[in-house]
Amino acid sequence: MHDIDTVNAELVEQAAERLAGVVTRTPLEPNARLSSRVDARVWLKREDQQTVRSYKIRGAYNFIVQLDAATRARGVVCASAGNHAQGVAYACRRLGANGRVYVPGTTPRQKRQRIAALGGAHIEVIVVGETYEDAFAAAKDDAHRTGATLVPAFDDVRTVAGQGTVALEVVSQLGFVPDVLVVPVGGGGLLAGIATWVRERHPDIRVVGVEPAGAMCMAAAVEAGQPVRIDAVDPFVDGAAVREAGQVTFPLIRDSGADLTSVAEGAVCTEMLSMYQSDGIIAEPAGALAAASLGTSVQVEQGQTVVCIVSGGNNDVSRYSEILERSLMHEGLKHYFLVSFPQEPGALRRFLDEILGPEDDITRFEYVKRNNREIGPALIGVEIPRRADLPGLLARLEKSPLQVEQVEPGSPLFHFLL
């Protein structure tokens, strides 16, 4: 166990000295699109342009570099959804240590390949289970069996202090103190480090932590007064899909005065697409959390200086079809229906002519024709140009002789479609 059990501003500043020349001083860029959205001066702290394309290198390196030679020689292990593992891999290679990283099966292949490339001969990648917790249990068992040191993704003072160095850079690069800092939250390492340093050095800054709606472990901890295991986690925002807040991070966040809020995964997808199409930024889901909250769950005052942390850019391009799908559903532009068609000539033509609007588009059609029945079921996906067009579509379906059931968000079939 480390002999220091909490984090303060001085530890964050010491971490910044260790990281000088190791991590990239990532850009801080004004963003016209987001500034216009909330009528404020919005800046993006581009940790997606970090050495390993996420801020996680800060905590991983700050942890491993403080191990003595004998401890480092026994090796390190970690569990990660991808980004922390990349930080550990880079740190191991740079410091000449050997390590094993455990990642859940939901970790995108792109991240697994990057871990192996960054660590080279110093790192072994092991895929286990489906959640971060599964990977963490395996890493913990490895450390117990082999004597290797477990490098926590967020729940250690050395990790937290390293992550908090993002805030020092923001203030230094701006040249003045921002009004609002918006920070993505998974297990809470980044928020704990930033909020702790800000509370001591610049208490007038409002710090807001943003969780994915499908993985609100920190909000659950605040409500319960201690870290608790939440029942279910939506793994989509894989960099922040944590089931239980950290024992180290929770009290730091609780005592920091930081606000907590959440954003729906669909809104994160919409923001990812906007960042890509408008700003030329390839953000992973967790990287878009902070920006997605602006003007929705996070309100700011006119003219304020607001900094959003883009925490990572390790997104697998193969996921963009799912990202687009989730975004359209969130925006109310894509809907699914189970339609029972009479098995007679012209049934589909009447559906197209009488029910669909002139700009509506069928994006999915799966029909099962059965010769021994009078009707045949079809799954139909419809994309509409405007959210306001939905009531008209539903009204035309209601008037038709067809048996129609809308596939509701949250239903088992809905999750199957995604």
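Biologist: Why does D39 count as partly exposed?

Modeller: The relative accessibility of D39 is 43%. Buried means under 20% relative accessible area, exposed over 50%, and partly exposed in between (1.4 Å probe, protein chains only). At 43%, D39 therefore counts as partly exposed. This is a predicted model, in which local features need pLDDT of at least 70, side-chain atom pairs count only at pLDDT 80 or more, and totals for chains, interfaces and linings use all residues. Residues are numbered from 1 along each chain as its sequence is written, and side-chain values use heavy atoms, with hydrogens and water left out.

Biologist: Where is D39 found?

Modeller: In the loop between α2 (32–38) and β2. Helices (H or I, at least four residues) and strands (E, at least two) are DSSP runs, numbered from the N terminus. D39 also has a positive phi of about 55°, although it is not a glycine. R53 is another non-glycine with positive phi, near 65°. R53 is found in the loop between β2 and α3. At a relative accessible area of 28%, R53 is partly exposed.

Biologist: What makes V42 count as buried?

Modeller: V42 is at 1% relative accessibility, so V42 counts as buried. Its place is strand β2 (residues 41–46).

Biologist: What makes K45 and E169 a salt bridge?

Modeller: The N to O distance is 2.6 Å. A salt bridge needs a side-chain nitrogen of Lys or Arg within 4 Å of a carboxyl oxygen of Asp or Glu. The K45–E169 pair, at 2.6 Å, meets that rule.

Biologist: Which parts does the pair tie together?

Modeller: K45 lies in strand β2 and E169 in helix α9 (residues 165–174), so the pair ties together parts that are 124 residues apart in sequence. Both K45 and E169 are buried.

Biologist: How do you know that the side chains of R58 and E47 meet in a salt bridge?

Modeller: Their N to O distance is 2.9 Å. That is within the 4 Å cut-off. R58 in helix α3 and E47 in the loop between β2 and α3 are eleven residues apart, and the pair links distant parts of the chain. R58 counts as buried at 1% relative accessibility. E47 counts as buried at 0%.

Biologist: What makes R396 and D360 a salt bridge?

Modeller: The N to O distance is 3.8 Å, which is also within 4 Å. R396 lies in helix α17 (residues 390–399) and D360 in the loop between α16 (347–354) and β12, so the pair ties together parts 36 residues apart in sequence. R396 is partly exposed, with a relative accessible area of 30%. D360 is buried, with 14%. Elsewhere, salt bridges that share partners join R33, R37, E271 and D279 into one network.

Biologist: How many salt bridges does the rule count?

Modeller: The count comes to 23 salt bridges.

Biologist: What makes α9 mostly covered?

Modeller: Eight of its ten residues are buried. They are T165, V166, A167, L168, E169, V170, V171 and L174. Just after α9, G175 takes a positive phi of about 85°.

Biologist: Why are α3 and α5 called oblique to each other?

Modeller: The axes of helix α3 (residues 56–64) and helix α5 (residues 83–95) cross at roughly 45° and come within 8 Å. Axes are lines fitted to C-alpha atoms, for helices over the stretch in contact, and angles run from 0 to 180 degrees between N-to-C directions. Under 35 degrees counts as roughly parallel, over 145 as roughly antiparallel, 65 to 115 as roughly perpendicular, and the rest as oblique. At roughly 45°, the pair falls in the rest. α3 and α5 are therefore oblique.

Biologist: What is the handedness of the crossing where α3 passes α5?

Modeller: Right-handed. A crossing is left-handed if the near helix is turned anticlockwise from the far one by less than a right angle, and right-handed if clockwise.

Biologist: Which residues make the nonpolar surface patch of about 240 Å²?

Modeller: L348, F365 and Y367. Patches are made of residues with over 30% relative accessible area and no salt bridge; like charges are joined within 9 Å, nonpolar side chains (Val, Leu, Ile, Met, Phe, Trp, Tyr) within 5 Å. Accessible areas come from the Shrake-Rupley method with a 1.4 Å probe; for residues, only the protein chains shown count as cover. Y367 has a relative accessible area of 33%, and is partly exposed. Y367 lies in strand β12 (residues 361–367).
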